[in-house]
Amino acid sequence: MEQNQCCHHQHGHAECIRIVPIFNHLEDSQMDLIAESAKILHLKKGEMLFRADEEDDTLYIINSGKARIYRLSDSGKEQLVRILNPSDFTGEVAIFQPGSIHENYAEALQNTSICLIKRGDLQKYLVEYPQISLKILSEVTMRLKDSEKQTTQVAIENVETRIISFLAENVEKGSGDSPTIILPMSKKDLASYLGTTPETISRKFTTLEELGLIKQLPKKKIKIMDLDQLLLHTE
């Protein structure tokens with residue numbers, strides 16, 4: 001594993017515990033206790049957090065930066081599973097399944113700091129604070145729904161419909177009929193996530209732009225000219 005283990009300053013540990021929804025409902029003293037067993041890992045862009053077939057015995061919380069989780073098909077093709085941003089976590093399965101191994105790969109997309117909590121420590125806290133288990137369960141259920149939706153979309157919908165659905169899902173509530181969104185990932189990763197190729201993604205974005213439905217702006221920003229019209233285009 002290409003990892004630069006480092007740093008035991010309490011502040012960093014406590015901060016990553018406080019930003020993650022599975023812990024931030026606890027009292028300060030309880031979060032501080034959990035933070036004591038956390039370690040901080042710094043990865044440079046392109047370094048791997050874990051690989052498939054390695055032992056899965058740790059909860060990973062993104063403190064700063066960004067990482068991507070992907071799997072490889074039998075033919076070696078990458079399929080993006082999800083992007084992890086600050087306060088996102090992975091490795092929750094390990095908490096409930098001793099002896100499990102990673103099925104996916106996790107790679108830092110930029111310089112990233114990650115909090116690590118080992119299964120043994122975490123199980124101790126789950127007994128003391130059962131509400132953590134409920135929060136983890138709720139988060140895993142949401143992921144399962146997203147995963148099922150992604151699988152269904154790839155199987156049934158055409159690429160253009162998938163792209164439009166993805167854009168609509170990234171519109172923040174209350175941002176009006178003509179919102180601007182920031183793509184949460186590169187077009188290459190978006191292609192992998194939606195089960196298509198980067199060339200097709202670029203072509204479809206251009207088509208939607210020519211139809212006057214979106215405008216592509218710098219820094220991964222997309223302006224949706226009229227959200228209702230864009231959604232009607234999927235029917």
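**Notebook: a predicted model, surface first**

I began with the accessible surface of the protein, which comes to about 12500 Å². Carbon and sulfur atoms hold 52% of that surface. Accessible areas here come from the Shrake-Rupley method with a 1.4 Å probe, and for residues only the protein chains shown count as cover.

I noted the ground rules next. This is a predicted model, where local features need pLDDT of at least 70 and side-chain atom pairs count only at pLDDT 80 or more, while totals for chains, interfaces and linings use all residues. Residues are numbered from 1 along each chain as its sequence is written, and side-chain values use heavy atoms, with hydrogens and water left out.

**Entry: overall form**

I looked up the size. The C-alpha atoms fill a box of roughly 55 × 45 × 30 Å along the principal axes.

I found nine helices and twelve strands in the protein. Both are DSSP runs numbered from the N terminus: helices are H or I with at least four residues, strands are E with at least two.

How much of the protein counts as buried? I wrote down 43% of the 235 residues. Buried means under 20% relative accessible area, exposed means over 50%, and partly exposed is in between (1.4 Å probe, protein chains only).

I checked contacts too (heavy atoms within 4.5 Å). Among those with a separation of 6 or more, 71% join residues 24 or more positions apart.

**Entry: charges**

I noted 28 positive and 35 negative side chains. The centres of the two sets lie 4 Å apart. Lys and Arg count as positive, Asp and Glu as negative; His and the chain ends are not counted. Each charge is placed at NZ of Lys, CZ of Arg, CG of Asp or CD of Glu.

**Entry: two annotated spans**

**Entry: single residues**

I picked alanine 14, in helix α1 (residues 10-19). Is alanine 14 buried or exposed? Its relative accessible area is 11%, so alanine 14 is buried. Beyond its neighbours within four places in sequence, alanine 14 touches Asp32 and Ala35. Serine 165 is 151 residues away in sequence and 37 Å away in space, C-alpha to C-alpha.

Glutamate 199 sits in helix α8 (residues 198-210). I read 53% relative accessibility, so glutamate 199 counts as exposed. Its C-alpha is 18 Å from that of glutamate 157, 42 residues apart along the chain.

Last, I looked at the loop between β11 (214-217) and β12 (221-224), where lysine 219 lies. Lysine 219 has a positive phi of about 55 degrees, although it is not a glycine. Lysine 219 is exposed because its relative accessible area is 74%.

Lysine 220 is in the loop between β11 and β12. Its phi is near 60 degrees, a positive value in a residue other than glycine. At 39% relative accessibility, I marked lysine 220 as partly exposed.
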